[in-house]
Amino acid sequence: MMTAATARSEETGSAGARTTVLLVEDERSIGTLLRSYLERDGYRVVWVRSGEEALIELVRHPVRMVVLDIGLPGMDGFDVCRRVRAGGSSVPIVMLTARDEEVDRVAGLEVGADDYVPKPFSPRELAARIKAILRRTESRSPEQSFEVGDVELRRDSREVKVAGEPVELTAKEFDLLAWLVEHNGIVFSREQLLDRVWGMAYHGGTRTVDVHVAQLRRKLGRPALIRTVRGAGYKAARP
């Protein structure tokens, strides 16, 4: 006979049952609610209330997901995310914020966040987003190295080279390029790329995909690598 606890465990999956979530939220009421809900779903939650504490706890625990409030005292969420990515970590990050301006959403994704949840939100919605991102990150191709023309990408070291020279990309630029290169020749709509690369439908619309594609074309110096298919989306192709 299936109990409620068993049903929750199966819904969360084996990853969720042992996944450690680092919750960075300074508001006690929100932090208490989210910790309670996520622990009920089977996650292990490490809750801290400042960016400085978050950076310390991130290296002390096997964190596989970070839920990060932007409006923290002292070091804000943007700075925390930037430092996490600068340190080489690719741990998924979901940002929480009371600000719902497009510039803030784009800024969060630019510094390496995987998703963005504006307040107020339901714990159920946040849990669904966490599950979606974990499914996406855990189902990536086991192959680690990809080449298209003279562009080489390595997933394990998160490195990109063009004609043998390294190119610096943001975390999300790398993820977008990796997805397109892994599926070389396949056309993806902007909505599909938001779902595959960012993990959930992005509230700010599809413009962020265009911005990231433009940045990749500029940084790689290979504008023909990512081709626009009129009325359909984008695909990677040999320059």
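Before the first selection, a word on burial: buried means under 20% relative accessible area, exposed over 50%, and partly exposed in between, with a 1.4 Å probe and protein chains only. Helices (H or I, at least four residues) and strands (E, at least two) are DSSP runs, numbered from the N terminus. You're looking at a predicted model, where local features need pLDDT of at least 70 and side-chain atom pairs count only at pLDDT 80 or more, while totals for chains, interfaces and linings use all residues. Residues are numbered from 1 along each chain as its sequence is written, and side-chain values use heavy atoms, with hydrogens and water left out.

**Stop 1: the sheet**

Select strand E1, residues 20-24. Thr20, Leu22 and Val24 point one way and Val21 and Leu23 the other, and every one of these is buried. With 5 of its 5 residues buried, E1 is largely enclosed by the rest of the structure.

Now widen the selection to the open sheet of 5 strands, in the order E2-E1-E3-E4-E5, with parallel pairing. Two strands count as paired if DSSP finds at least two bridges between them. Which strands stand at the edges? They are E2 (44-48) and E5 (115-118); each has a single partner strand, so one side of each is left without a neighbour in the sheet. Turn the view and follow the twist, which averages 20° from one strand to the next; axes here are lines fitted to C-alpha atoms, for helices over the stretch in contact, and angles run from 0 to 180 degrees between N-to-C directions.

Next, go pair by pair. E1 and E2 run parallel and are joined by 5 bridges, and you'll find Val21 opposite Val45 in E2. Move over to E3 (63-69) and E4 (93-97), a parallel pair with 4 bridges; click Leu68 and look across to its bridge partner in E4, Met95.

**Stop 2**

Select helix H3, residues 51-60, and colour Gly51, Ala54, Glu57 and Leu58, which are buried. They cover an arc of only 115° around the axis, which puts them on the same side of H3; the arc is that of the directions from the helix axis to the C-beta atoms. Val59 and Arg60, on the other side of H3, are exposed.

Jump to helix H8 (190-198), where the buried residues are Leu193, Leu194, Val197 and Trp198. Their arc is only 105°, which places them on the same side of H8.

**Stop 3: backbone details**

Go to the loop between E5 and helix H6 (123-138), where Pro120 sits. The peptide bond from Lys119 to Pro120 is cis, with omega near -5°.

Then try Ala163, in the loop between E8 and strand E9 (165-166). Its phi is near 55°, a positive value in a residue other than glycine. Is Ala163 buried or exposed? At 52% relative accessibility, Ala163 counts as exposed.

Val111 is in the loop between helix H5 (102-110) and E5, and it is buried, at 14% relative accessible area. Draw a distance from Val111 to Lys172: their C-alpha atoms are separated by 7.8 Å, though they are 61 residues apart along the chain.

**Stop 4: the largest pocket**

Finally, show the surface and select Arg85, Arg158, Glu168, Leu169 and Thr170, which lie nearest the centre of the largest pocket among its 17 lining residues. The elements giving two or more residues to that lining are H4 (77-86), E8 (159-162) and H7 (171-182); E8 supplies the largest share, 3 residues. A pocket here is found on a 1 Å grid over the protein atoms alone: it is an open set of points where a 1.4 Å probe fits, with protein on both sides within 12 Å along at least five of seven lines, and lining residues have an atom within 4 Å of a point. The volume of the largest pocket is about 410 Å³, meaning the space filled by probe spheres set on the points, with grid points joined across faces, edges and corners.
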